[in-house]
Amino acid sequence: MLSGCSSTPPIARTVVTKQTQYVLPPQSLMSQCLPAECDFLQKNGANADLADCLAQQLAVIDKCDTDWQTLEKWRTEKQHEQSIH
């Protein structure tokens with residue numbers, strides 16, 4: 001049957017497709033948190049060396065925590081953006 005000769009109009013169909021796009025966090029927030037290298041035990045250090053080593057370890061923990069908080073904020077913002085759309 002020829003559609004040009006038909007009295008019924010063609011059926012219009014709308015096709016909706018969804019495409020998943022993965023958004024990754026900035027690479028700067030994905031670095032591994034490694035402990036600071038302290039040579040306190042190798043050089044049989046004094047209490048001052050131990051205090052310095054501890055300060056270095058606390059700085060590593062602080063940076064990792066800051067990165068984690070920034071990453072968590074980024075994730076929350078992305079979730080909010082997706083819920084709006």
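The model is predicted, so local features need pLDDT of at least 70 and side-chain atom pairs count only at pLDDT 80 or more, while totals for chains, interfaces and linings use all residues. Residues are numbered from 1 along each chain as its sequence is written, and side-chain values use heavy atoms, with hydrogens and water left out. Searching the whole structure gives two disulfides, where a disulfide is a pair of cysteine sulfur atoms within 2.5 Å. With bonded cysteines counted along the chain, their pattern is 1-4, 2-3.

**Disulfide Cys33–Cys64**

- Cys33 is joined to Cys64 with an S to S distance of 1.6 Å, and the disulfide is left-handed because the torsion about its S-S bond is about -135 degrees.
- Since Cys33 lies in the segment before H1 and Cys64 in helix H1, the pair ties together parts that are 31 residues apart in sequence; helices (H or I, at least four residues) are DSSP runs, numbered from the N terminus.
- Cys33 is partly exposed at a relative accessible area of 42%, whereas Cys64 is buried at 16%; buried means under 20% relative accessible area, exposed over 50%, and partly exposed in between, with a 1.4 Å probe and protein chains only.

**Disulfide Cys38–Cys53**

- Cys38 is joined to Cys53 with an S to S distance of 2.1 Å, and a torsion of about 105 degrees about the S-S bond makes this disulfide right-handed.
- Cys38 lies in the segment before H1 and Cys53 in helix H1, so this pair ties together parts that are 15 residues apart in sequence.
- Cys38 is partly exposed, with a relative accessible area of 24%, while Cys53 counts as buried at 13% relative accessibility.

**Nonpolar surface patch**

- Leu54, Leu58 and Ile61 make a nonpolar surface patch of about 310 Å²; patches are made of residues with over 30% relative accessible area and no salt bridge, with nonpolar side chains (Val, Leu, Ile, Met, Phe, Trp, Tyr) joined within 5 Å and like charges within 9 Å.
- Ile61 is found in helix H1, which covers residues 47–84, and counts as exposed at 54% relative accessibility.

**Thr76 in helix H1**

- Thr76, also placed in helix H1, is partly exposed with a relative accessible area of 41%.
- A polar atom of the Thr76 side chain lies 2.9 Å from the backbone oxygen of Glu72.

How values were computed
Areas by Shrake-Rupley, 256 points an atom, 1.4 Å probe, with all protein chains shown as cover. Salt bridge = Lys/Arg side-chain N within 4 Å of Asp/Glu carboxyl O. Helix = DSSP H or I, 4+ residues; strand = E, 2+ residues; numbered from the N terminus. Polar contact = N/O pair within 3.5 Å; in protein donor to acceptor, adjacent residues only side chain to side chain.
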